[in-house]
Amino acid sequence: MNLQICSRAALEVMLAQGLPQNAAIISFCDPVGVGRHRHDGYAPIDFRGKCDRVMQIAARDLDPEALPKFGLSVEEYLPEADELADFILQAVADGCPMICQVEDGQSRSAACAAAILQYFEGRGIDIFADYRYYPNQLVYHKVYDALKKRARSKQ
């Protein structure tokens, strides 16, 4: 499986130099005005004219015990999970190289990549074992569970 995890800076370089052909990008970011990116100039990456197959998700990088502080439950976190699973399943069916991206390329994107690798190849642990990454447990379980659910519904 052709799957990359990268930071915003690395993806911006790839966008300038040219993405892999037929790439599918899953781009996580903080909601505008949240987290360390509160300044007025922050905006999600603009993919217009550079990539047609993109799913952008604004989701805080939270641990399960922090959810109540933000008025969320596990069930309410990452409501895009089913749509993301459909996006992933279609990208894989179409043979697209996939790129999972977030600001630093360590938590949400790594968790998404781990869920994809676990679902398709049974080796999501490779991401968890890699010292460069700190996969977000909520994102991992939401994506992995959505992939399993979507696959069951297509059977």
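Contact here means heavy atoms within 4.5 Å.

## Basis of the model

This is a predicted model, in which local features need pLDDT of at least 70 and side-chain atom pairs count only at pLDDT 80 or more, while totals for chains, interfaces and linings use all residues. Residues are numbered from 1 along each chain as its sequence is written, and side-chain values use heavy atoms, with hydrogens and water left out.

## Nonpolar cores

Leaving aside neighbours within four places in sequence, isoleucine 26 is in contact with Met55, Leu84, Phe87, Ile88, Ile99, Cys100, Gln101, Cys112 and Ile116. A nonpolar core is a set of buried Ala, Val, Leu, Ile, Met, Phe, Trp, Tyr and Cys residues joined through side-chain atoms within 4.5 Å. Buried denotes under 20% relative accessible area, exposed over 50%, and partly exposed the range in between (1.4 Å probe, protein chains only).

The largest nonpolar core has 40 residues, of which Ile26, Phe28, Leu84, Ile88, Cys112 and Val143 touch the most other members. At least two residues of this core come from each of β1 (3-6), β2 (24-29), β3 (54-58), α2 (81-93), β4 (98-101), α3 (108-121) and α5 (137-154). The element that gives the most to this core is α3, with 8 residues. Apart from it lies another core, of 11 residues, including Ala23, Ile25, Ile45 and Ile99. These helices (H or I, at least four residues) and strands (E, at least two) are DSSP runs, numbered from the N terminus. In soluble globular proteins, nonpolar side chains tend to be buried together.

Strand β2 is mostly covered, with 6 of its 6 residues buried.

Two strands pair if DSSP finds at least two bridges between them. β2 pairs with β4 in the parallel sense over 4 bridges, and serine 27 has glutamine 101 of β4 as its bridge partner. β2 also runs parallel to β3, to which 5 bridges join it; here phenylalanine 28 stands opposite isoleucine 57.

## Cysteines

A disulfide is a pair of cysteine sulfur atoms within 2.5 Å, and a search of the whole structure finds 0 of them. The sulfur of cysteine 6 has its closest cysteine sulfur in cysteine 100, at 8.5 Å, which is too far for a bond. For the sulfur of cysteine 51, the closest cysteine sulfur belongs to cysteine 96, and the distance of 8.8 Å is likewise too far for a bond. Cysteine 6 is buried at 6% relative accessibility, and cysteine 51 is buried at 12%.

## Loop residues

Most residues other than glycine have a negative phi. Asparagine 22 has a positive phi near 65°; this residue is found in the loop between α1 (8-17) and β2 and is partly exposed, at 41% relative accessibility. Leucine 78, also not a glycine, has a positive phi of about 55°. Leucine 78 lies in the loop between β3 and α2 and is buried, with a relative accessible area of 4%.

Valine 74 lies in the loop between β3 and α2 and is partly exposed, with a relative accessible area of 39%. Not counting residues up to four places away in sequence, valine 74 touches Leu67, Leu138 and Lys142. Valine 74 and proline 64 are 10 residues apart in sequence, and their C-alpha atoms are 6.9 Å apart in space.
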